[in-house]
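Thanks for asking me to look this over.

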Amino acid sequence: MTPIKTLLSTAVAASLALGATTGQARDFRLGLITPPQHLWSTEAVAFAESLDERSGGEHSVSVFPAQQLGNEAQMVQQLQTGALDMAFLTIAEISNRIPDFGALYAPYLVDDVDHAAALLRSDAAGELLELMPQGVGLIGVGYGMVGMRQVLSRAPIESQADMRGKRLRITPFEPIRDFYTATGAAPAPLPLLEVYDALANGQVDAIDMDFDSILILKFHEQAPNLLISNHMMFPMVGVVSGRVWRELSAEDRELIETTMAEHLENVLSGFQAMDAAQEAEIRELDLNIVEADAEFFSEAIAEWEATWGEKAPRLEMLREEADRLRE
């Protein structure tokens, strides 16, 4: 049994007291915020196809990308009531409810996409999933991710001082808000699909984004300055509603867990495979590129650590594992 399976079994038994029931055909609904062409969305569709095939057509999954079912806060509420069965969620909304997940966003916790994927596959990250049934009423099956975070801006950013006062689009959650507030920027939550127009009309001055989304959604057309900083990883978690989970037979749980975990792994390995080529493609664009490292953000990092070292006690455990993986 894999570590994640072990954790799921423990968490389900302890927090939800789930008992196996007779299997029945289900049409599950899976929500996510990414557009249809994004890897999270395409792997969600692939998961649906795999589950249909492996269940002999007994189970199907309808996939709703691009916030069709609402934003992540709304989808979490739907998952908690059982109105939504499954989702691929950024860790953002989970960290708002379980602060220990915020540790995964520690600035420069990991060095690059490969290091991020290794940490997300580790037992240390897997143990965080054990907090989800009791903390938020969801079953965490495993992790995906996007690429490392960069800063794309309308005007050049050549030092942390250049960020002061800039309205900077973020995903709405506390760890990333606190980081950018510490830089002097003005963090502005904004749905992903509204970002292009917000850059075009000057509603925001800069965005926190990964290479993949910059290219897919062509944000570089409206913001010609890129700070390549790799300052933060951006995990995703595949979840099942706890209410739905308790209605499933042990056999169906195993089938869903195993199948979803495979497609989440495809997300991890997919971003590992794409990252270098996407960076090379971005460097060929007509952009003003500035490189940044931890020293660039040293003051902001110190302020972030002072807050989150206390709020997320498991940060130290994740740091130790990240250091071990560097060896």
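Predicted model: local features only at pLDDT ≥ 70, side-chain atom pairs only at ≥ 80, totals over all residues.

1. You will find Ala66 in the loop between strand E2 (59-64) and helix H3 (72-81). Its backbone deserves a look too: phi of Ala66 is near 55 degrees, a positive value in a residue other than glycine.

2. Although Lys218 is not a glycine, its phi is positive, at about 55 degrees. Lys218 sits in the loop between helix H10 (211-216) and strand E9 (225-228). With a relative accessible area of 42%, Lys218 is partly exposed.

3. Now for the overall build. The chain has 14 helices and eleven strands. Its radius of gyration is 19 Å, close to the 20 Å that the globule rule gives for 327 residues, so the chain is as compact as a globular protein of that length. The C-alpha trace spans about 60 × 35 × 35 Å along its principal axes. Of the contacts with a separation of 6 or more, 78% are between residues 24 or more positions apart.

4. On to what is inside. Buried residues make up 55% of the 327 residues. The largest nonpolar core holds 92 residues, and Leu89 and Met132 touch the most other members. Helix H12 (residues 250-283) gives the most to this core, with seven residues. Apart from it lies another core, of 20 residues, including Leu199, Ile207, Met209 and Phe219.

5. Phe47 is buried, with a relative accessible area of 0%. Beyond four places in sequence, Phe47 is in contact with residues including Leu30, Val61, Met86, Ile256 and His263. Thr259 is another of its contacts: Phe47 and Thr259 are 212 residues apart in sequence, yet 6.7 Å apart in space, C-alpha to C-alpha.

6. Finally, the surface and the charges. The accessible surface of the chain comes to about 12700 Å², of which 47% belongs to carbon and sulfur atoms. The chain carries 23 positive and 51 negative charges, and their mean positions are 5 Å apart.

Key
Residues numbered from 1 in each chain as written. Heavy atoms only, no water. Core = buried A, V, L, I, M, F, W, Y, C linked by side-chain atoms within 4.5 Å. Buried < 20%, exposed > 50% of the residue type's maximum accessible area, 1.4 Å probe, protein only. Helix = DSSP H or I, 4+ residues; strand = E, 2+ residues; numbered from the N terminus. Rg over C-alpha atoms; globule rule 2.2 N^0.38 Å. Contact = heavy atoms within 4.5 Å. Areas by Shrake-Rupley, 256 points an atom, 1.4 Å probe, with all protein chains shown as cover. Lys, Arg positive; Asp, Glu negative; His and termini not counted. Charge placed at Lys NZ, Arg CZ, Asp CG, Glu CD.
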